[in-house]
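Colleague: Could you walk me through the pockets in this model, and through the terms behind them?

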Amino acid sequence: MALLEFSGVSKNNITDLSFTLTAGEIAIVRAATAVNQEEIIDLALGEAEPEQGNIRLHGQPLTKSAPGHTGWIAAHGGLINNLKIWENITLPLWYHGQREPANVEKTVTHWLQTLGIEPSQWTDFMANSPARLSTEQRKVAGLLRGLVQAPSLLVIKAGLWLEVAQPVQDQWNTALEKFVYAEKNRAILVVAEGAISLPWKILKDAI
Amino acid sequence: MLNPALQRRKSGRYFRLFNGYFSLVWEALCRTPALARWPVRQVLLKQIYFTGTESISTVSLVGALIGLIVVTQINQLVGRNEVLTMQLLIWIVVRELGPLLTAIVIIGRSSSAFASELSYMQVNGEIKSLRRMAISPLSYLLVPRVLGMTLASAVLTFYLQTIAISTAWLISKLSLDMALRSQISIFFDALQPQEILASCLKSVVFGMLIATVSCYHGLRKKTAATEIPQAVSQAVIRSLMAVFVADGIITVLVF
């Protein structure tokens, strides 16, 4: 079943982009430039509207009318610096009123375990501010925020995997696959720029 | 003399600036229902704490010094005249200096902080990140700042006036042996509802203006960190200008 559908989408340098991402799939769209990469991310998240063509999520036009249905993982976490990590992770959930507090804690614990973070580090990690974390820890926090939000469509900027050791990358990939397979109506779109080696299929190349 | 083309460009720039401020105030007012969301309320509480609670010591000191300075000057001018002293105290502290000095303290403490924090968020891509999480930066960042500062400004103005007037009563009692009870009674007899209204109106308008102007300069599109100091200085100078202009307008309209 098609979860995300780009049909003849044009916007600035992107022309006539069409692809379909099905539920239960993790796929990559490769942009030719960083500008195009940003455009595709904005389009897939409903942040920008196409000049031509249309984008559908679950068969409905993708608009901002369904906040929380799309989630976003930035290359370097995309964290808000004046919030603690716990506040950062739960921000989209509380803002969109998606979860009960007890469930949130349970979900965060589940993903912390899946991402292989030692339980002894959880409290310090959550109470820290982004500025005091390493680049990799910030990426983990961003990843955690996307997973905890549990959107139908998770859009990831491929820079997330850059400068990360292979065993850690493998652990993250396993977590992402678990996320997609945990429920029927989920998919992940990785938007890359340039060469990237990830174990998933490339939907579109050099856009 | 400026050439006409340059004058037109300058007036166009000011028009865009005023238009930007008013659009932002309007946005903030229209988006107040966003306070129903818990993270927005959390930011509101942080802003009230930062702008209000953390300014108490500065405002206390400014209030006490103003009370001391004003009453010393009045006593020099009118001598031991309780009625005139209280009347002048109302004119100076309640009508003008209370709201104005509170606004200046707030500008010094919070206007620059708002502008630099929001500018940094802009340059650092945090605002873009909020948008991509379908979180409106106007609802999440602007609304709590405008409301928090407006509330803090109103409460701090009342607090500064209370400290200044109490100090003035105490100084008059100590230096000219004016009875406290009689000073208080004369003060409240002379105080008109119109003066309380003007003071409240000024404090609310000043708070709203400072927050809006600071957020406007903080949220304007920036691409480099070198633009942050410019945004901060513009926020401070234009907040001051906005407060003085608003003070003039309210004073002319009310009195």
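Colleague: What gives the most to the lining of the largest pocket?

Modeller: α5(B) does, with six residues. Helices here are DSSP runs of H or I with at least four residues, strands are E runs of at least two, and both are numbered from the N terminus. At least two lining residues each also come from α1 (34–44) and α5 (135–149) of chain A and α4 (82–123) of chain B. This is a predicted model, in which local features need pLDDT of at least 70 and side-chain atom pairs pLDDT 80 or more, while totals for linings use all residues. Residues are numbered from 1 along each chain, and chains are lettered from A in the order in which they are written.

Colleague: Why is it called a pocket, and what counts as lining?

Modeller: On a 1 Å grid over the protein atoms alone, a pocket is an open set of points with protein on both sides within 12 Å along at least five of seven lines, whereas a cavity is a set where a 1.4 Å probe fits but cannot get out; lining residues have an atom within 4 Å of a point. The largest pocket holds about 960 Å³, a volume being the space filled by probe spheres set on points joined across faces, edges and corners. Its lining has 34 residues, Asn124(B) and Gly125(B) being among the closest to its centre.

Colleague: What makes up the lining of the second largest pocket, by residue class?

Modeller: It has 18 nonpolar residues, one polar and one charged. Ala, Val, Leu, Ile, Met, Phe, Trp, Tyr, Cys and Pro count as nonpolar, Asp, Glu, Lys and Arg as charged, and the others as polar. α9(B) supplies the largest share, eight residues.

Notes. Side-chain values use heavy atoms; hydrogens and water are left out.
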